[in-house]
Amino acid sequence: ELGTELGMLDLEAASKLSGARFAVLRGSLARLERALINFFLDTHTEAHGYTEAAVPLIVGSKPLQGTGQLPKFEDDLFRLAAPLNGRNGYLIPTAEVPLTNLHAETILDEAQLPLSYVAATPCFRAEAGSHGKDTRGLFRQHQFHKVELVKICTPEQSDAQHHALVEHAESCLRAL
């Protein structure tokens with residue numbers, strides 16, 4: 001409500017452009033979103049040693065299967081109408097999909113691990129099954145930006161790396 005009153009959040013303009021569950025951010029709110037993304041990326045790369053990756057926003061079926069998005073969440077994905085390089089293509093629901101698949105079907109030297117990646121991407125979700133829930137404001141949007149952290153490690157490292165990842169995310173919130 002505050003964003004709308006201040007002219008920084010325009011759900012009506014977004015609805016005219018794309019329908020429900022989209023938003024247009026203007027002025028200070030758009031700058032705040034960009035600043036937060038940069039803050040998170042800079043913190044994770046500079047303070048926590050993550051490697052920033054700029055990843056494709058469209059992927060094939062195989063990466064989505066590798067992260068468990070397909071077939072379970074197929075109704076929540078946006079599939080392209082035309083083939084992508086001869087196969088089904090989908091808009092990513094999260095940067096986790098391309099990040100976790102960077103090394104798919106590759107044998108990594110254990111000495112390289114853990115690998116830590118961070119990416120900021122727009123995310124696209126159909127939000128199937130959520131009809132009538134949180135339809136006003138910035139909840140359950142079809143498109144939103146997110147900074148994603150991914151760790152690739154051995155099973156023996158996974159517990160410690162999970163705790164480190166959570167600590168890294170929490171440190172950004174504490175800094176804010």
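The model is a predicted one, in which local features need pLDDT of at least 70 and side-chain atom pairs count only at pLDDT 80 or more, while totals for chains, interfaces and linings use all residues. Residues are numbered from 1 along each chain as its sequence is written, and side-chain values use heavy atoms, with hydrogens and water left out.

Let us begin with empty space. Rolling a probe the size of a water molecule over the atoms shows where such space is left. Here a pocket is an open set of points, on a 1 Å grid over the protein atoms alone, where a 1.4 Å probe fits, with protein on both sides within 12 Å along at least five of seven lines; lining residues have an atom within 4 Å of a point. The largest pocket holds about 780 Å³, a volume being the space filled by probe spheres set on the points, which are joined across faces, edges and corners. Its lining has 26 residues, and those closest to the centre are Glu-33, Ile-37, Phe-144, His-145 and Lys-146. The elements that give two or more residues to this lining are α2 (11–18), β2 (24–25), α3, β8 (143–152) and α6 (158–175). These names come from DSSP runs, numbered from the N terminus: helices are H or I with at least four residues, and strands are E with at least two. Helix α3 gives the largest share of the lining, seven residues. By class, 19 lining residues are nonpolar, five polar and two charged; Ala, Val, Leu, Ile, Met, Phe, Trp, Tyr, Cys and Pro count as nonpolar, Asp, Glu, Lys and Arg as charged, and the others, Gly among them, as polar.

Helix α3 spans residues 27–47 and includes Ala-30. Ala-30 is partly exposed, with a relative accessible area of 27%; buried means under 20%, exposed over 50%, and partly exposed in between (1.4 Å probe, protein chains only).

Next comes the core. In soluble globular proteins, nonpolar side chains tend to be buried together. A nonpolar core is a set of buried Ala, Val, Leu, Ile, Met, Phe, Trp, Tyr and Cys residues joined through side-chain atoms within 4.5 Å. The largest one has ten residues, among them Val-55, Leu-99, Tyr-117 and Ile-152. Strands β7 (115–124) and β8 are the elements that give it two or more residues, and β7 provides the largest share, three.

What about the cysteines? The structure holds zero disulfides, a disulfide being a pair of cysteine sulfur atoms within 2.5 Å. For Cys-123, the nearest cysteine sulfur is that of Cys-172, 16 Å away. Cys-123 is buried, at 0% relative accessibility. Cys-153 is partly exposed at 24%, and its sulfur is too far for a bond because the closest cysteine sulfur, in Cys-172, is 20 Å away.

Finally, follow the backbone. Two peptide bonds are worth a look: the one from Leu-70 to Pro-71 is cis, with omega near 5°, and a cis bond also joins Leu-113 and Pro-114, with omega about 5°. Pro-114 lies in the loop between α5 (96–100) and β7, and Glu-105 lies in the loop between α5 and β7 too. Glu-105 has a positive phi, near 60°, although a residue other than glycine, and is exposed at 71%. Asn-85, also not a glycine, has a positive phi of about 55°; Asn-85 sits in the loop between β5 and β6 (89–91) and is exposed, with a relative accessible area of 72%.
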